[in-house]
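The structure is shown first.

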Amino acid sequence: MEKHSKIIREILSQAKINVENGYGPFLAALYDETGNLISQSSNSVIKDCCSNHHAEMNAIKLAEKKLGTYDLSKYNLSLYVTAEPCMMCLGAILWSGIKKVFYSVSTKDVEEITGFDEGIKPDWIKEFENRGIEVCGEIEVEEGKKLLTDYVKEKREIYKPKREK
């Protein structure tokens with residue numbers, strides 16, 4: 001577990017740096033089974049004016065381009081994320097062939113701290129495990145929550161689509 005905690009700490013640290021350069025407070029990294037970094041990316045929704053530019057989506061796109069495939073399953077990749085993936089990113093993870101997911105902050109904490117709507121995700125961990133995708137969460141949670149809290153305190157933009165009920 002120490003290996004996973006170390007990587008989560010590293011991506012949380014990198015996410016702080018990336019926030020200063022206009023990126024969102026989320027970062028995702030893909031590693032192969034021997035510990036080689038394949039791709040890493042921050043959330044760039046606001047910077048790129050594109051609602052699907054979440055950290056996970058960006059990291060998956062970079063890995064697929066680098067490896068020349070839409071099917072990452074043969075590379076036995078692990079995804080490390082600063083927060084539990086949202087509903088959109090769960091679909092991308094599922095269909096990309098990623099084998100393992102490790103994250104820091106839970107959806108509950110993300111929503112409480114930022115107000116961002118993570119979407120409907122009933123029993124997603126069980127569904128992933130049923131499909132052979134290992135999930136391990138809430139790693140280095142206090143550091144992850146601090147990153148989000150600081151982002152909000154600094155009054156950085158949090159994207160939320162306007163909805164009428």
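Sixteen residues line the largest cavity of this predicted model, and those that lie nearest its centre are Pro25, Phe26, Tyr151, Glu157 and Tyr159. Helix 2 (residues 45-48) gives the most to this lining, with three residues, and by class the lining of the largest cavity divides into nine nonpolar, five polar and two charged residues.

A search of the whole structure finds two cavities of 30 Å³ or more. The lining of the second largest cavity includes Phe26 and Tyr159, together with Asn43, His54, Cys86, Phe116 and Glu118; helix 3 and strand 3 are the elements that give two or more residues to it. As for the largest pocket, the closest to its centre among its 14 lining residues are Phe116, Asp117, Tyr159, Pro161 and Arg163. The table sets out the volumes and the classes of lining residues.

| Space | Volume | Lining residues by class |
|---|---|---|
| Largest pocket | about 310 Å³ | six nonpolar, four polar, four charged |
| Largest cavity | about 130 Å³ | nine nonpolar, five polar, two charged |
| Second largest cavity | about 90 Å³ | seven nonpolar, two polar, three charged |

Helix 3 (residues 55-67) can be checked for its length: its 13 residues, at 1.5 Å a residue, should span 18 Å, and because its end C-alpha atoms are 18 Å apart, the two values agree. The buried residues of helix 3 are Ala55, Glu56, Met57, Asn58, Ala59, Ile60 and Ala63, and they pack against strand 1 (27-31), strand 2 (37-42), strand 3 (78-83) and helix 4 (87-96). Just after the helix, Gly68 takes a positive phi of about 70 degrees.

In soluble globular proteins, nonpolar side chains tend to be buried together. Here the largest nonpolar core has 29 residues, and those with the most contacts inside it are Leu30, Ile60, Leu79, Ile93, Ile98, Val101 and Phe128. The elements that give two or more residues to this core are strand 1, helix 3, strand 3, helix 4, strand 4 (100-105) and helix 6 (124-130), with helix 3 giving the most, at five residues. Leaving aside residues up to four places away in sequence, Leu79 touches Ala28, Ala29, Leu30, Glu56, Ile93, Ile98, Lys100, Val101 and Phe102.

Methods:
Residues numbered from 1 in each chain as written. Predicted model: local features only at pLDDT ≥ 70, side-chain atom pairs only at ≥ 80, totals over all residues. Heavy atoms only, no water. 1 Å grid on protein atoms, 1.4 Å probe; cavity = no way out; pocket = protein on both sides within 12 Å on 5 of 7 lines; lining within 4 Å. Points joined across faces, edges and corners; volume = space filled by probe spheres on them. Nonpolar A, V, L, I, M, F, W, Y, C, P; charged D, E, K, R; others polar. Helix = DSSP H or I, 4+ residues; strand = E, 2+ residues; numbered from the N terminus. Expected span 1.5 Å × (residues − 1). Buried < 20%, exposed > 50% of the residue type's maximum accessible area, 1.4 Å probe, protein only. Contact = heavy atoms within 4.5 Å. Core = buried A, V, L, I, M, F, W, Y, C linked by side-chain atoms within 4.5 Å.
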